[in-house]
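Dear colleague,

I am handing over the structure we spoke about, and I would be glad if you could look through it with the notes below at hand.

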Amino acid sequence: MKAFIISILVLLIVTFGAAFILKGAFSTSADEAYRSSTSTRL
Amino acid sequence: MRVKFISLFAVTLGLLFYYVGEVRAQSSVRPPSTAVENKIKGNQVPGTIRNGIPKSDTWRSIRKGVAGSVSIPDKKAAVLIQSDGEKFRLIRSGPLLSNLALLMAITLVALAGFYAYRGQIKVESGLSGRTIKRFSTIERMGHWLMAVSFIVLAITGLNVTFGKEIIMPIIGKDLFGPLAGFLKHTHNYVAFSFMLGLAISFICWVAHNIPNKADINWIAKAGGLLSKNSHPPADKFNAGQKLIFWGVMLGGLSLCFSGWALLFPFEYSFFTSTFNALSSIGIDVPAWFGLAKPPLTAIQEQQYNTIWHLIVAVLMVCMIFAHIYIGSIGMEGAFDAMGRGDVDENWAKEHHSIWVEKVKEQEVPPPDETQVQPAE
């Protein structure tokens, strides 16, 4: 039971940590993919 | 009066015709006076545009997905019509989904059939009441981290794949839209917990999952699963568990790579690298399956990642169905290994006899402590 509770805590920490850190990365990637496909950069 | 009216009408009509004629002349697509007329020679198609290549051939090439050249950063734009997209759509939305759904259904039916035939596999010598430590806290933590995250990923991923056909008609578009969006984000971020669980489990168990001779005997006897009083010897993990371990590790790693490429689209060319590596040892995967030859375009990479991620994920789901079954209702005492961390000694002797012997040997205290001193 102790191992299960620890694993749930780790899961929450890692998941929300990834969401906090990578949210910008995803949006940047998506924006860049959209921008580069629709316009010419000078 | 009538003559004046008719004359005015005729002049007006004439001016109108003249005006229309002028407009038509100005908007004419007739070539300018400086244009050079192309003369048809033999079977040449008229309308050469560059380097003597007929327009029809050019458009035919574009239709087949030939890349041109662009000056913008997005080199994908060089392909005007990506013909593989239609093939991808037909596979992705066609037989692939129904076959994968069928595979999961067959797995569940087969497990139900096996349960009906064999029932719960009991500890035949009965529970001893003595326990033996099977998994440490870190081992179980890694397992549950991987397990819980995999279940979340499976549910959210299957919603991406089948939700539109199954869930949306039940709960409606208004609710399904935001729900599917939330689940998609959940899928993206829980993936990192799965990666961590996968890494911990690999480190903890890889040494115990190297195949050995006992595995051949175990497989030959089907692990004793099909008949009573059959308990082929096994170490800490039997051959079936080793298959699950390597299936989860290799499948999970493959899901990590393809998922990463889906999270950051058009930035990686994993399939080109893989196909080239396999080709160097004589395995020509594109030729076997009629796929495009490397180097693949960025769009093709994404399409292959999408399909591969789906296929591997469903295969793993089927494998985990079997794992969950045998670790819960399928075998008496099996859940305790991951639940409490220790198992009944008789259970361990029946299913992992080699491992029990090793544990007992380690538990034996040094000989000098056990020697009985003679009375003086």
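Not counting residues up to four places away in sequence, Ala191(B) touches Leu153(B) and Gly259(B). Please keep in mind throughout that this is a predicted model.

As for the overall make-up, chain B has 16 helices and 4 strands, and of its 376 residues 21% count as buried. Among the contacts in chain B with a separation of 6 or more, 70% are between residues 24 or more positions apart. Chain A, with 42 residues of which 14% count as buried, comes to 1 helix and 0 strands. The contact between the chains takes 19 residues from chain A and 22 residues from chain B; on the side of chain A that touches chain B, 11 residues are nonpolar, 6 are polar and 2 are charged.

Within chain B, the packing of helix 7 (residues 173-205) on helix 9 (residues 239-263) deserves a description of its own. The axes of these two helices come within 10 Å and cross at roughly 150°, and the crossing is left-handed. From helix 7 of chain B the contact is made by Asn188(B), Ala191(B), Met195(B), Leu198(B), Phe202(B) and Trp205(B), and from helix 9 of chain B by Phe245(B), Met249(B), Gly252(B), Cys256(B), Gly259(B) and Leu263(B). By class, this contact has 9 nonpolar and 3 polar residues, with no charged residues.

Turning to helix 9 of chain B itself, its 25 residues should span 36 Å at 1.5 Å a residue, and the end C-alpha atoms are 35 Å apart, which agrees. The buried residues in helix 9 of chain B include Ala239(B), Lys242(B), Val248(B), Gly252(B), Leu255(B) and Gly259(B), and the buried residues of this helix pack against helix 7, helix 8 (213-220), helix 10 and helix 12 of chain B.

The same check can be made for helix 12 (residues 298-327) of chain B, where 30 residues should span 44 Å at 1.5 Å a residue and the end C-alpha atoms are 42 Å apart, which agrees. Among the buried residues of helix 12 of chain B are Gln300(B), Glu301(B), Gln303(B), Tyr304(B), Val317(B) and Ile320(B). What covers the buried residues of helix 12 of chain B includes helix 3 (84-93), helix 4 (95-118), helix 5 (137-166), helix 9 and helix 10 (270-280) of chain B.

In the loop between helix 11 and helix 12 of chain B, where Pro295(B) is found, a cis peptide bond joins Pro294(B) and Pro295(B), with omega about 5°. Leu291(B) and Asp84(B) are 207 residues apart in sequence and 9.5 Å apart in space, C-alpha to C-alpha.

Two residues other than glycine have a positive phi. Ala222(B), with phi of about 55°, lies in the loop between helix 8 and helix 9 of chain B and counts as partly exposed, with 13 C-beta neighbours inside 10 Å. Phe266(B), with phi near 65°, is found in the loop between helix 9 and helix 10 of chain B and is also partly exposed, with 19 other C-beta atoms within 10 Å.

Lastly, Pro169(B) lies in helix 6 (residues 168-171) of chain B and is exposed, since 10 other C-beta atoms lie within 10 Å and 12 or fewer make a residue exposed. The C-alpha atoms of Pro169(B) and Val312(B), 143 residues apart along the chain, are separated by 27 Å.

With kind regards

Note on methods:
Residues are numbered from 1 along each chain as its sequence is written. Chains are lettered from A and ligands numbered from 1 in the order in which they are written. This is a predicted model: local features need pLDDT of at least 70, side-chain atom pairs count only at pLDDT 80 or more; totals for chains, interfaces and linings use all residues. A residue is buried if 20 or more other C-beta atoms lie within 10 Å of its own, exposed if 12 or fewer, and partly exposed in between; C-beta atoms are placed from the backbone. Two residues are in contact if their C-beta atoms, placed from the backbone, lie within 7 Å. Axes are lines fitted to C-alpha atoms, for helices over the stretch in contact, and angles run from 0 to 180 degrees between N-to-C directions. A crossing is left-handed if the near helix is turned anticlockwise from the far one by less than a right angle, and right-handed if clockwise. Ala, Val, Leu, Ile, Met, Phe, Trp, Tyr, Cys and Pro count as nonpolar, Asp, Glu, Lys and Arg as charged, and the others, Gly among them, as polar. The expected span of a helix is 1.5 Å times one less than its number of residues.
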